[in-house]
Amino acid sequence: VTEPRARIRPGRIRRRLTVAFVLVGGLSTGALALGSYLLVRHSRLQDSSRTALAQSTLNVRVAERTLRGRPGDVRTLITRYAARGDFVTVVERSGRIPPGRLAIPHDLRALVDAGRIGYERETAAGTPYVVVGEPVPNTGTALYFFYDESRLWSDLHQLETVLAGAWAVLAALSALVGVVLARRLLAPVAAAGAAARSLAEGMLDTRLPQSGADEFGAWAASFNEMADALQGKIAALTEAQARERRFTADVAHELRTPLTALVAEAELLQAHAGRMPGDVADVAGLVSHDVGRLRRLVDDLLEISRLEAGAESVRAERVDAGDLVAALVAARGWNGAVTVAGAAPPLVTDRRRLERILANLIGNALEHGGGRARVRLGGDGRDALVTVADDGPGIPEAFRAHLFDRFSKADPSRTSAGSGLGLAIARENAVLLGGAIAVESAPGAGATFTLRLPVTTSLPAGADAVTAVMDH
Amino acid sequence: MDERVLLVEDDSSIRTVVTMGLRDAGMRVTAAGTGREGLDHARGAAFDAVLLDVMLPEVDGMEVLRALRRDSRVPVVMLTARSDTVDVVVALELGADDYVTKPFQMAELVARLRAVMRRATASRDGDVVTVGPVEVDPDAFQARRDGEEIALTATEFRLLHELASHPGQALTREQLLERVWGYDYLGDSRLVDVAVQRLRSKIEADPARPELIQTVRGVGYRCAGARR
């Protein structure tokens, strides 16, 4: 489950939506602003040029009249121009221009020298001008008028600033709207994701709020229908399973009373077998043997049904796994067949359950693993580990998945001395103790069961509770 | 031997075969099929031990046990269907000395019965030891406070004597199971816990805050103080 989720990056759609909003909003307002700016600039410049040209034509007419009689009287002319005040005049006489701070653009001068009227924009000494050049006919003089365009350009700059600012604000606004809308839009998706996860985690009564008659409302409705169906189905399954378990438990329980009598009767028969004729004594032996098998089966059935019903409680205390293994091996007469090595860290766990797990694992190894078993105690720094290895034929791959199921047998035709519940009981007990059992096996190379148990367990407080730290 | 055992069990097959088995083991058995009948027998004659089924018609095993414990410290072994229901703890709290889970092996049942009877009868010579104001007298098989006898069952007395004989020393549940109950490494440690609780309720001034028998967390129990 974790692998594909690592590739999923939540928030991507939200980012994409936001970016799309910013692009659409930013580009359209940007284009609009730029277009209108260019339009305004164009017409303002055109206006300015037109005004300058008209004024210059008027100026040249004045110059014609002034210079006709006295061709040298440029001074008078300049004085008259200066009275108007809104332009600066540069006079060219016989191809010579007095040196000054305002330079005449070359292109313009060439045009005017050819006897034509022209204008050009240039910046001189930090001031933007539109320069109009015009020859004064029949005087050998040309006039250049510099019209100050500072005002125009500052207006344009101001417009530029205002438009850029407005554009930035609009772009930010569209980003904001994009984020908010995306979040709004995707909130139901996120809610559905969370709901699906909590369903998966087992909170089957999780539902989506069904607000609104839009697509998401419809989606929520069908999601909820699915959840209803799922919950119903799982409830039915759980109930069926509980019924089955109850039945198993009831059957096993009902078997107890007659079984108790049978066990005692078989024992009595066995005790008096010496006084029976030979073949009857043999039958008494068989009865005793089979009653023993039946008893183990019923005991195991009861235990597994209690474990599966979650009715078992853990009585934790300090346990030395090594002592426990040694004691159980001795008690069951397995001394010759089982070797024990290593040492496990001290455990706080349920002694009887641990004994049950290990006895079942070792018993299983002895029965299916060629009559010998190797027990190894150890730890990996975090958990205590007990491995039980055998040199038997190994466990076929296909069977390994069902190894811990109830009554699972590699070869269904084979009858076994065990109840078929030993490994299931071992696993359930291990889970109850907060641990796990794993199995490794290669065909022909035996099988190794590894019991993993937490070293420190938090225990309920109470008179017989044990904390992780011991006295000695 | 000739121990006298009262068996109270409603299932006639079990009753019959257990009776036979116990007789084979050399005990004298009186069998009763109901709780009422069992109580009548118990009042009519002295027994060395009572074997009592928990599930009985009319008066159930717990009621019988309660009635017995009102005036008797006869060792009682309960026969229970399951080892881990509240039944076991309730029975132990009511003063049962031990329990055996069905189905049981006769050998196991006989061993348990013998163990409880041994606890109740074996004479134990030894000095009187004291725990606070309580005197534990193994010769008289009695515990006394200010000369007054405290009514203890045989198991409770043995447990108190074991703890009192090792003042200040923590004894593990396994050690107690072995020395008091005579069990191997897989005895049920609830036997110890419940017996300690009962003992405290009889000898402590405030059983909720025990001073004489202290719990050693993660280990077991300890009798307070040194010999005085």
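## Nonpolar patch

Helix H5 (residues 150-200) of chain A supplies the largest share of a nonpolar patch, 7 residues. The model is predicted: local features need pLDDT of at least 70, side-chain atom pairs count only at pLDDT 80 or more, and totals for chains, interfaces and linings use all residues. Residues are numbered from 1 along each chain as its sequence is written, and side-chain values use heavy atoms, without hydrogens and water.

The patch lies on the surface with about 660 Å² of accessible area together, and Phe21(A) and Val169(A) are among its members. Areas are from the Shrake-Rupley method with a 1.4 Å probe. Patch residues have over 30% relative accessible area and no salt bridge, with nonpolar side chains joined within 5 Å. Leu170(A), in helix H5 of chain A, is partly exposed at a relative accessible area of 39% (buried is under 20%, exposed over 50%, partly exposed in between).

## Thr260(A)

Thr260(A) belongs to helix H6 (residues 215-271) of chain A and is buried, with a relative accessible area of 1%. Beyond neighbours within four places in sequence, its contacts include Ile14(B) and Phe104(B) (heavy atoms within 4.5 Å).

## Open sheet in chain A

In chain A, 5 strands form an open sheet of mixed pairing, ordered E6-E8-E9-E11-E10 (paired strands have at least two DSSP bridges). Strand E6 (338-342) and strand E10 (436-441) of chain A are at the edges; each has a single partner strand, so one side of each lacks a neighbour in the sheet. E6(A) pairs with strand E8 (residues 373-379) of chain A in the parallel sense over 5 bridges.

Notes: Chains are lettered from A and ligands numbered from 1 in the order in which they are written. Patches are made of residues with over 30% relative accessible area and no salt bridge: like charges are joined within 9 Å, nonpolar side chains (Val, Leu, Ile, Met, Phe, Trp, Tyr) within 5 Å. A salt bridge is a side-chain nitrogen of Lys or Arg within 4 Å of a carboxyl oxygen of Asp or Glu. Helices (H or I, at least four residues) and strands (E, at least two) are DSSP runs, numbered from the N terminus. Buried means under 20% relative accessible area, exposed over 50%, partly exposed in between (1.4 Å probe, protein chains only).
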